[in-house]
Amino acid sequence: MDKFFKISERNSTIGNEIIGGLTTFLAMAYIIAVNPSLLEAAGIPFDAALTATCLGAAVMTVAMGLIANRPIALASGMGINAIVAYTLCLGETAVDWRVAMAIVFLEGIVILVLVLCGLRKAIMDAIPASLRHAIGIGIGLFIAFIGLKGGGLIVPDEATILAFGDLSSPIVLVSLISILLAVVLQALNVKGGLLISIVVATIVGIPMGVTPLPSEWNFGLDFSAFAAPFQTVPGTDTMAIVQVFLQPALLLFVFSLLMSDFFDTMGTVVAVGEQGKFVDKDGNVEDIQPILAVDSVAAAAGGFFGASSITSFVESTSGAAAGARTGLSNIVVGVLFVVFAFFAPVIGMVSASATCGALVVVGYLMLSDVTSIDWSKIEHAFPAFITILGIPLTYSITNGIGFGFISYCIIKVVQGKACEVKPLMWIAAAAFMVMFVVG
């Protein structure tokens with residue numbers, strides 16, 4: 001095991017990998033409850049969506065661990081699942097959920113082709129070092145923002161857009177406890193501190209009414225959503241994937257989902273790599289090709305499983321911060337996803353308040369890279385700034401990266417240095433422009 005996963009070579013231990021895997025799983029386990037609820041609104045039976053979500057995440061997370069040997073867990077991506085449910089299935093398009101999954105499947109196939117052609121890696125290599133660092137920093141702020149919002153410490157406000165939460169609320173109190181625990185344990189360098197903060201906050205939340213207790217147990221599996229793109233759409237004589245090509249307008253959604261998957265993963269891999277110590281000083285990710293290949297297959301697999309697009313989860317940074325350095329942590333995450341396919345109500349006990357502290361500390365850790373950006377030159381500083389600002393404020397990694405790419409190209413042009421911009425940066429910036437205009 002040590003030789004296969006290179007545990008000693010990466011200065012880790014089996015204990016570190018197990019703790020890292022548990023931390024990652026608890027930080028991302030909300031997807032087990034959230035994704036089936038979204039997909040149920042799209043017409044997929046809840047039990048089928050739950051089975052697809054858990055088994056899809058388990059298979060692709062284990063595949064990432066065995067093939068790429070990096071602590072990057074995967075599951076159905078938030079954002080894309082909302083597009084599938086509320087835009088494709090319930091919006092003006094109003095397609096059957098099987099057709100929506102066929103669109104996701106095709107998007108994954110296109111990304112896989114781009115990876116096999118080397119284009120995805122080539123775009124990564126074309127990104128200036130300052131922007132690579134900015135992406136990781138922006139994601140750090142994004143993660144912290146997600147934690148604070150989920151924990152009730154930041155709430156919507158009509159006058160100021162955002163406001164401070166109610167300190168008398170039990171949800172906020174549990175969030176503060178989780179933050180205090182996570183920070184103190186981090187300061188004391190306690191092994192597994194982030195995991196401990198999640199577990200303790202979950203237990204403390206029980207008498208305070210924040211931690212929901214299971215009301216029923218679901219032991220069954222429902223495979224009816226599997227092979228969704230190749231199922232016949234009710235009321236027609238054709239498979240879902242054929243229906244996509246019969247309605248060419250739906251191919252625009254393939255492009256839209258592709259852009260989101262393509263660049264969200266790019267940012268996530270850099271962010272996890274910085275925490276997991278497999279990114280160099282220029283922001284280059286070591287052995288990135290197998291990581292991108294597995295992630296691309298996962299997108300297509302999500303459509304096949306009927307779980308929406310499966311993608312690398314930025315919450316994997318919490319496991320890397322807790323000590324995970326190899327794919328062994330992914331095996332832990334994968335096994336837990338399989339187990340909780342049968343015991344989903346238990347995961348429902350881990351509230352957003354319980355994970356708030358871990359996400360805030362991970363956000364803090366990811367800000368350390370800010371000193372790697374050259375703030376004295378506007379062609380490096382402004383694109384980095386707008387990327388860091390754009391990711392949390394638009395609640396989208398892809399949008400923030402797009403702002404950075406476009407502004408970098410514009411500044412280089414007005415400085416008379418357009419020849420310094422690599423061709424693939426121009427292509428990527430143009431694709432972002434199309435995405436922003438088309439919507």
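A: Glutamate 379 and lysine 417 form a salt bridge, with their closest N and O atoms 3.7 Å apart. The term means a side-chain nitrogen of Lys or Arg within 4 Å of a carboxyl oxygen of Asp or Glu. This pair links distant parts of the chain, 38 residues apart. Glutamate 379 sits in helix α18 (residues 378–393). Lysine 417 lies in the loop between α19 (397–414) and α20 (423–438). Helices (H or I, at least four residues) and strands (E, at least two) are DSSP runs, numbered from the N terminus. Glutamate 379 is buried, at 7% relative accessibility. Lysine 417 is partly exposed, at 29%. Buried means under 20% relative accessible area, exposed means over 50%, and partly exposed is in between (1.4 Å probe, protein chains only).

The model is predicted: local features need pLDDT of at least 70, side-chain atom pairs count only at pLDDT 80 or more, and totals for chains, interfaces and linings use all residues. Residues are numbered from 1 along each chain as its sequence is written, and side-chain values use heavy atoms, with hydrogens and water left out.

A search of the whole structure finds seven salt bridges. One of them joins arginine 70 to aspartate 287, with 4.0 Å between the closest N and O atoms. Here too, distant parts of the chain are linked: the two residues are 217 residues apart. Arginine 70 is in the loop between α4 (46–68) and β1 (74–76). Aspartate 287 is in the loop between α12 (251–276) and α13 (288–305). Arginine 70 is buried, at 4% relative accessibility. Aspartate 287 is exposed, with a relative accessible area of 56%. Glu286 also belongs here: salt bridges link Arg70, Glu286 and Asp287 in a network.

Another salt bridge brings together the side chains of aspartate 96 and arginine 98, at 2.8 Å from N to O. Aspartate 96 is partly exposed, with 23% relative accessible area. Arginine 98 is buried, at 14%.

Strand β2 (residues 154–157) pairs with strand β3 (residues 161–164) in the antiparallel sense, over four bridges. Two strands count as paired if DSSP finds at least two bridges between them. β2 and β3 form a hairpin, with three residues between them. Proline 156 has leucine 162, in β3, as its bridge partner.
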